[in-house]
Amino acid sequence: MKLRVAEEPGEREVELLAREGTHLRARIDGREVSAEFDALAPGGVVTLSIDGRRFRIASARRKDTILVAVGPRTFSFIREEEGSRRRARGLAAAEITAPMPGKVLRILVTEGDAVVAGQALVVLEAMKMETALAAESEAVVKRVLVAPGQMVDHGARLIELSPPTANPSARESGPPGS
Amino acid sequence: MPKRQIRKLLIANRGEIAIRVIRTARVMGIRTVAVYSEADARSAHVAAADEARPIGPAEAAKSYLNIDAIMGAVRDSGADAVHPGYGFLSERAEFAQAAEEAGIIFVGPPGKVLAQLGDKIAARNLAAAARVPVVPGLEAIEPSAARDFAARIGLPLLVKAAAGGGGRGMRVVESLEGLEAALQAASREANAAFGDGRVFLERYLARPRHIEVQILGDEHGDLVALGERDCSIQRRHQKVIEESPAPGLSDTTRAAMVDAALRLARAAQYVNAGTVEFLVDGEQFYFLEVNTRLQVEHPISEIRFGCDLVAEQLKMAMGQKVRAPGTPRGCAIECRVYAEDARHGFRPATGTVVDLRVPAGPGVRFDTHLVAGAEIGAFYDGLLGKLICSGADREQARGRMLAAFDELAILGVTNTAAFLRDAVASERFARADLSTRFIDELFSDPLRHDQAESDAALIAAALAAQAPVREAENGSRAAATRSPWAELGGFELWRRQ
C-alpha cells in the first residue's frame, strides 16, 4: 500500500506480509521489518515493539486520511491508491492552499513569476499572527486565486503552480541570498 | 472573616484557564459562571461551570474581548466577582474599571495599576525610577530617530508593541534596511491584536534567558515573592517550556531579582497576583515587563510552594492579608502543547480531536480543556494543554516529563507534543543550556530521524487501513472516526487464521 505523509513530499510504501499470534512482518520501502503488537495493553492502548523499543499507538480513520499517534508524535497519511489528489510532474504541490481559515494579507508574487523552493508566496493572518506560505519546490505561478483582504477557509486554494520551465539558468540561480 | 465575600464568580475566559479557575472556586464553595462565544457553546469550560452565558459570535473582538457583553453576563447572572484569566481582557484597565464601577470585584489589580503597567513605556519608566535595570530603548519611532538609535546602540534591535503581550507585534531587526518595514509590520500586528499600534525599540540581547518573579500583594500594602521561573524556551517570543527554579542562577542574582521585583511592585502599589519579567544575560538582569495577571505557567510555582495561586488571588480580592510563602521544594517543569506544526515553522493547525490519551502518575499534571470530539478552530490561541511534571530535583522532573509524553496522544489535531518531548530529551536541555534562542539552536542541529518510530507509524497505518470502516453503511460521523483498534474482533480473526 502506498501512503503519502500529509503535507510532506514523497511516498512511503508499506505491505503487511504475515502475522502469527502477536508477531507481525511488514515490508517498508523495500526493507523487511518485524514487530510485536499487543492489542490489550492497559487502558486499551495498543503497543507495537520494533527493535526492542515499545511504542504506544493510537489510530483512527477520517475520510481518506489515516491518523496515527506513536507516543506523542502524530502522523497523517493519505492512501495514494485512492488518488485523492493528482500531482503535477516535477512539483511537490500543484497548488498553495490555506492551512487554516484566515485573512489574506499580502500576495508576494504575480502570475508568470518563477519561484524557488522555500520562497514565500502569500501571507495569511490567522490566530492574530502572520503566516507566510512558501513554495515547496521550484515552480511557476500559474494563477493567483485570491486578493489581499479576502477571508479564506481551511483548504481554500490560493495559488496554482505549474512545473518550472526547463530553463537551466533559472535552475542555477538558486534561492535569493544563497 | 473576610472583608468581602465572593459568592458567585464569572470567569471571563475560555479553555484550560477557565476550567482551572472553576476548579478552585468550587473547592472554596464559590458558584461559577462560564461565558462562551458561538464557537464555544459545546466547550468543556461551559460544562464545568455551574451556569453559562452566551456573549456573542466566535470572533473574540465581539465576545471574549467585548466588555459590554461580559458585564451584561455579570449582571444577568448575579455574579459578584469576575476573574479574567490570562490573555483576552485580563490586562485591560477599562475592564477592571467597568467592574469597579458596577460594584463587582475584579480578581486582579485595580484599573489604575493595570493602566500604568499595561503601557510598556510607562512601566519601563516606573522601573527605572524604582532603580530596576532596564534594557536601553527608544520610545519615539519616527524613522529618522529610529535610525539614529540603531546607529548609537547597534543592531540587532527589537521592535515591541506598547500594548503588547504574547509576542504579538514583535519583530527583530537585523539590518538598517529592514528597520522601517519591521516597525510597520509590528505596528500593524499590534493594531490588529490590541487595537493600539504604538511600538517602541529596544536593544536586542542575542542570547538572553527569560526569568520572571511571581509576586502576590494585598490591599494592605504587603507584598511577597514566590520565587522565580525560567521561561527561556520560546518560539515567536512566546513561551513553550518553563521551569522553576531557574537552573544555574546564583543565589545572589536570584535575591537581587526578587528585591527588584518587589521594589517595582511597591512603586506600582501592586495588588493581587502578578509577574515581573526580566531578561538575564549572565548575572546581569534587565526589566522586561510586568504581567498584571495570572500567568499560563503559574502551576510550576504552585507546585514548588505548595499553594493554589487562584485561591490566593480570590483571597486577595476578598480583602484578606497575604501570607508569607513557605520554603520552595524540588523542581517543576511545564510544557505547553499547542495546535501547531513544529516542522513547518510552528504554523497554526486546526481540526477535531478524534482520540485523546492523557498521562498520569506521581508528579504529573495535565491542565487541558480537550475532550475527544473537541473542535480546535482558528479563532483563539492554540494552547491545547499544559503538561506539568515535578520531582525532588530537575532530573526527576525531566524523567517524569519524558515518560508522561509517551503516554500523551492527541489524535486529529497537529500539535507540538512530540517536538516538546524531543526538546526535553535533548542533551542541550539536559545540561540546562537555556536561552531564548534555544529552539533555533535545537533546529540547527541535524534532525534526528527515528526509523523505528516511523516504521511503527506505517505499520499502524496499514493495520488501520485494513480495519473495516462503517462510514459507507450508515454514514454516521462517529463511525467514520471510530478507531480500528477498538475493533478487537479484527485481531481475533487473525489469531484464528
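Mentor: Happy to! In this predicted model, start with helix α12 (residues 394-407) of chain B and helix α13 (residues 417-425) of chain B, whose axes come within 10 Å and cross at roughly 150 degrees. Angles over 145 degrees count as roughly antiparallel, and α12(B) and α13(B) are therefore roughly antiparallel to each other. Their crossing is left-handed. Now look at the side chains' positions: α12(B) brings Arg398(B), Met401(B), Leu402(B) and Phe405(B), which meet Ala417(B), Leu420(B), Arg421(B), Val424(B) and Ala425(B) of α13(B). Of the residues in this contact, seven are nonpolar, two are charged and none is polar.

From there, turn to another helix of chain B, α10 (residues 298-305). Eight of its eight residues are buried, so α10(B) is largely enclosed by the rest of the structure. Among those buried residues are His298(B), Glu302(B), Arg304(B) and Phe305(B). After α10(B) comes Gly306(B), with a positive phi near 60 degrees.

Finally, step back to the largest nonpolar core, which has 180 residues. Val68(A), Ile459(B) and Ala461(B) have the most contacts inside it. Helix α16 (residues 451-466) of chain B gives the most to this core, with 10 residues. Setting aside neighbours within four places in sequence, Ala461(B) is in contact with Leu3(A), Val14(A), Ser59(A), Ile66(A), Val68(A) and Phe77(A). There is also a second, separate core of 22 residues, including Leu158(B), Leu179(B), Ala182(B) and Tyr204(B).

Terms used: Residues numbered from 1 in each chain as written. Chains lettered and ligands numbered in written order. Predicted model: local features only at pLDDT ≥ 70, side-chain atom pairs only at ≥ 80, totals over all residues. Axes fitted to C-alpha atoms, helices over the stretch in contact; angles between N-to-C directions. Helix = DSSP H or I, 4+ residues; strand = E, 2+ residues; numbered from the N terminus. Parallel < 35°, antiparallel > 145°, perpendicular 65-115°, else oblique. Left-handed = near helix turned anticlockwise from the far one by under 90°. Contact = placed C-beta atoms within 7 Å. Nonpolar A, V, L, I, M, F, W, Y, C, P; charged D, E, K, R; others polar. Buried ≥ 20, exposed ≤ 12 C-beta atoms within 10 Å, placed from the backbone. Core = buried A, V, L, I, M, F, W, Y, C linked by C-beta atoms within 7 Å.
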